[in-house]
Amino acid sequence: MTTQELVGQIWKKKSFLCIGLDVDLNKIPSYLLETEDPIFEFNKKIIDATHHLAVAYKPNTAFYEAYGLKGWKSLEKTIQYLNTNHPEIFTIADAKRGDIGNTSAMYAKAFFEDLAFDSVTVAPYMGKDSIEPFLSFKGKHTIMLALTSNQGAFDFQTKTIGGIELYKKVLETSKEWQNSKNLMYVVGATKAEFIGEIRKIVPDSFLLVPGVGAQGGNLQDVCKYGINDQIGLLINSSRGIIYASKESDFDVVAAEKAKELQQQMEEILKAQS
């Protein structure tokens with residue numbers, strides 16, 4: 001999917017909502033545990049109920065890897081279901097991979113070719129030779145951790161080194177890498193006050209912003225600092241949507257929560273048009 005196609009979907013759906021598919025078998029409705037593939041059945045229900053409200057879905061691979069081969073198969077079935085039934089939706093493998101050379105190339109091949117995701121999240125700590133193998137895939141996007149929403153982000157990311165905060169140095173350096181036009185960036189919603197500074201460095205890039213909802217991030221604050229001419233934001237909500245109910249109508253309740261966010265986004269988009 002190209003950036004322009006993603007922007008087109010945002011305006012068509014009047015939404016820049018990304019829904020995180022982080023499936024914990026301890027939190028899903030108990031009746032699903034009796035099905036052959038509870039994880040996939042849960043995801044399918046969520047997707048069927050919310051696909052008209054979201055422009056992206058983001059499975060966090062840890063929630064699938066934790067269940068071994070069965071979990072990985074559930075992930076494969078989920079992405080196949082999305083690509084077959086909703087090819088207009090942007091898919092994100094939240095894997096936070098990052099290794100050198102050939103290893104990164106194999107990670108990229110796994111997510112971009114085998115699973116056919118549109119994008120994958122990566123960690124930049126090992127530098128350009130850990131990221132450029134992802135960036136070499138045409139028509140794919142690499143979403144690099146820039147400033148995360150966890151408290152530990154202050155351990156390193158905001159430290160000043162040589163007169164500049166580390167996260168800013170990472171952003172500046174990433175712009176020099178080959179095919180950097182394929183980069184997007186992860187910025188936590190709980191760091192909204194930093195987004196203005198980030199926009200000075202990457203004014204045109206898309207930002208994937210987790211942390212709205214259950215983690216306490218505020219949509220209006222994120223948009224105040226982060227929205228650009230092409231919107232440039234994917235706002236992720238996971239727990240606040242998919243675990244809004246454990247009853248048999250969990251998908252209906254999830255759609256209601258997604259609609260609440262979508263309607264807020266629609267108002268924001270009206271102000272931009």
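Student: Asp 94 first. Buried or exposed?
Tutor: Asp 94 is buried, with a relative accessible area of 6%. Keep in mind that this is a predicted model.

Student: Which residue forms a salt bridge with Asp 94?
Tutor: Lys 96 does. The closest N and O atoms of the pair are 2.8 Å apart.

Student: And Lys 96, how accessible is that one?
Tutor: Lys 96 has a relative accessible area of 40%, so it counts as partly exposed.

Student: Where does Lys 96 lie?
Tutor: In strand β3. That strand covers residues 90-97.

Student: What about the phi of Lys 96?
Tutor: Phi is positive there, about 50°. Lys 96 is not a glycine, yet it has that value.

Student: Where else does a residue other than glycine have a positive phi?
Tutor: Asn 179 is one of them, with phi near 65°. Asn 179 sits in the loop between α8 and β8. Its relative accessible area is 28%, so Asn 179 is partly exposed.

Student: Back to β3. How many bridges join it to β4?
Tutor: Three, and the two strands run parallel. In that region, Ala 93 stands opposite Val 120 of β4.

Student: Zoom out. What do the strands form?
Tutor: A closed barrel of eight strands. The order is β1-β2-β3-β4-β5-β8-β9-β10, and the pairing is parallel. From one strand to the next, the twist averages 30°.

Student: Which strands does helix α8 lie across?
Tutor: β5 (141-147) and β8 (183-187). Helix α8 spans residues 166-174 and runs at about 155° to β5.

Student: Salt bridges again. How many in the whole structure?
Tutor: A search finds 13.

Student: Which residues are linked in a network?
Tutor: Glu 165, Lys 168, Glu 197 and Lys 200. Salt bridges link them.

Student: Now helix α4. Which residues there lie three apart, about one turn?
Tutor: Glu 76 and Lys 73, within helix α4 (residues 68-85). Their side chains meet in a salt bridge, 3.0 Å from N to O. Lys 73 has a relative accessible area of 46%, so it is partly exposed.

Student: And what does Glu 267 form a salt bridge with?
Tutor: Lys 270. The closest N and O atoms are 3.4 Å apart. Glu 267 and Lys 270 lie in helix α12 (residues 250-272), three residues apart, about one turn of the helix.

Student: How accessible is each end? Take Glu 267, then Lys 270.
Tutor: Glu 267 is partly exposed, with a relative accessible area of 48%. Lys 270 has 49% and also counts as partly exposed. Exposed would need over 50%, so Lys 270 stays in the class below.

Student: New topic. Which residues form a nonpolar patch on the surface?
Tutor: Ile 100, Tyr 125 and Met 126. Together they have about 390 Å² of accessible area.

Student: Where is Met 126 found?
Tutor: In the loop between β4 (119-122) and α6 (128-135).

Methods. Residues numbered from 1 in each chain as written. Predicted model: local features only at pLDDT ≥ 70, side-chain atom pairs only at ≥ 80, totals over all residues. Heavy atoms only, no water. Patch = residues over 30% accessible without salt bridge, like charges linked within 9 Å, V, L, I, M, F, W, Y side chains within 5 Å. Areas by Shrake-Rupley, 256 points an atom, 1.4 Å probe, with all protein chains shown as cover. Salt bridge = Lys/Arg side-chain N within 4 Å of Asp/Glu carboxyl O. Helix = DSSP H or I, 4+ residues; strand = E, 2+ residues; numbered from the N terminus. Pairing = 2+ DSSP bridges. Axes fitted to C-alpha atoms, helices over the stretch in contact; angles between N-to-C directions. Contact = heavy atoms within 4.5 Å. Buried < 20%, exposed > 50% of the residue type's maximum accessible area, 1.4 Å probe, protein only.
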